[in-house]
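Here's a quick tour of some charged pairs. Have the sequence and the structure open as you read.

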Amino acid sequence: MAKVRLDRVRKTFGDVVVLPGIDLTIENEEFVVLVGPSGCGKSTLLRMIAGLDDMTSGTISIGDRIVNDVDARDRDIAMVFQSYALYPHKTVFENMSFALKLQGVEKAVLRRKVDEAASILGLTNLLDRYPRQLSGGQRQRVAMGRAIVRDPQVFLFDEPLSNLDAKLRVAMRTEIRSLHQRLRATSIYVTHDQVEAMTMADRIVVMNAGRIEQVGTPMELYDRPANVFVANFIGSPAINLLPGRMGQNGRFTTSGGASLPVQSAVGATPRPLLYGIRPEHLEIDHESGLPFRVEIVEPTGSQVILYGDLAGNPVYALFGDLRGVTVGDTLKLSPRSSAAHLFDEHTGTRLNS
């Protein structure tokens with residue numbers, strides 16, 4: 001396996017700048033997820049690492065080798081796509097072994113590699129079937145098996161679970177993560193789904209408009225988002241953002257005049273700020289809480305999501321064991337001060353430590 005390093009990687013299409021200059025290092029055996037909205041450049045970046053798209057400028061290194069001018073087939077990478085890209089007229093065995101066959105690998109070695117990958121992925125009993133005889137999850141396993149048999153330095157995943165239903169996506173997330181722990185392969189995974197990113201990554205790279213907003217472990221991004229974009233993108237339901245200013249009393253005053261607690265080194269300031277609090281960090285406080293009028297109730301089984309008005313602001317609140325709340329009820333809620341975030345309203349930058 002190998003380290004992947006990107007130095008000032010830039011991509012333009014004519015006058016359109018897609019990636020203005022990316023610097024990023026993926027360590028050996030690390031599972032890194034590139035996440036961001038559609039059009040942020042994450043798939044373009046992955047395809048440049050794979051050698052499927054050309055760079056405008058910059059350097060990509062895999063291990064100790066600069067691969068700028070190396071063809072995709074010679075970069076010692078394997079890629080799993082959103083579409084399974086299986087040959088419909090070939091069996092599972094033939095699909096998984098095709099690349100090795102083209103390389104002239106001996107039949108005995110080829111068979112051993114396919115059998116090993118099939119055993120890891122639970123495909124042993126399906127090797128004689130054709131793709132049309134497989135479920136979506138089984139087809140995706142075959143696509144991963146085709147990558148595994150090549151024993152590459154780096155695995156690249158381009159939204160491989162997007163075509164699967166919700167239940168199967170959860171199962172495949174577990175399988176891919178388990179596979180990584182078993183193979184200890186350097187892996188780069190692209191998705192627009194922040195839940196996939198949070199549950200699978202060693203580190204997450206949050207991208208927006210071709211730029212990296214923040215890099216960190218899932219909980220680093222969740223607990224200490226660098227800016228409003230990251231705070232909004234990581235976490236479901238999204239973080240609540242209330243406009244206002246810091247007062248002389250060390251509390252935040254919303255534009256509607258409500259006073260909110262915050263643990264912050266940010267002093268009183270006239271500049272407009274945003275008070276960020278995640279839905280799960282709003283707590284019922286019968287004595288000093290602010291009135292919260294419930295407008296929507298979304299039960300999920302283990303949790304209930306409430307949407308309503310808090311101090312003149314639309315707010316989500318998330319509870320794990322709250323029952324019997326209905327539309328029109330009024331609760332009294334207080335934010336957990338230690339979990340509050342302060343952001344500059346104009347720049348979006350996080351201010352409190």
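## The D53 and R47 pair

D53 and R47 make a salt bridge, with their closest N and O atoms 3.3 Å apart. (A salt bridge here is a side-chain nitrogen of Lys or Arg within 4 Å of a carboxyl oxygen of Asp or Glu.) D53 is partly exposed at 21% relative accessible area, and R47 is partly exposed too, at 29%. For the wording: buried means under 20% relative accessible area, exposed means over 50%, and partly exposed is in between, using a 1.4 Å probe and protein chains only.

## About the model

This is a predicted model, where local features need pLDDT of at least 70, side-chain atom pairs count only at pLDDT 80 or more, and totals for chains, interfaces and linings use all residues. Residues are numbered from 1 along each chain as its sequence is written, and side-chain values use heavy atoms, with hydrogens and water left out.

Searching the whole structure turns up twelve salt bridges. One of them joins R141 and E175, at 2.7 Å from N to O. That pair links distant parts of the chain, 34 residues apart: R141 sits in helix α4 (residues 136-148) and E175 in helix α5 (residues 166-183). Helices (H or I, at least four residues) and strands (E, at least two) are DSSP runs, numbered from the N terminus. R141 is buried at 17%, whereas E175 is partly exposed at 26%.

E27 and K3 also meet in a salt bridge, at 3.6 Å from N to O. E27 lies in the loop between β2 (16-26) and β3 (31-35), and K3 in the segment before β1 (4-13), 24 residues apart. E27 is partly exposed at 36%, and K3 is partly exposed at 38%.
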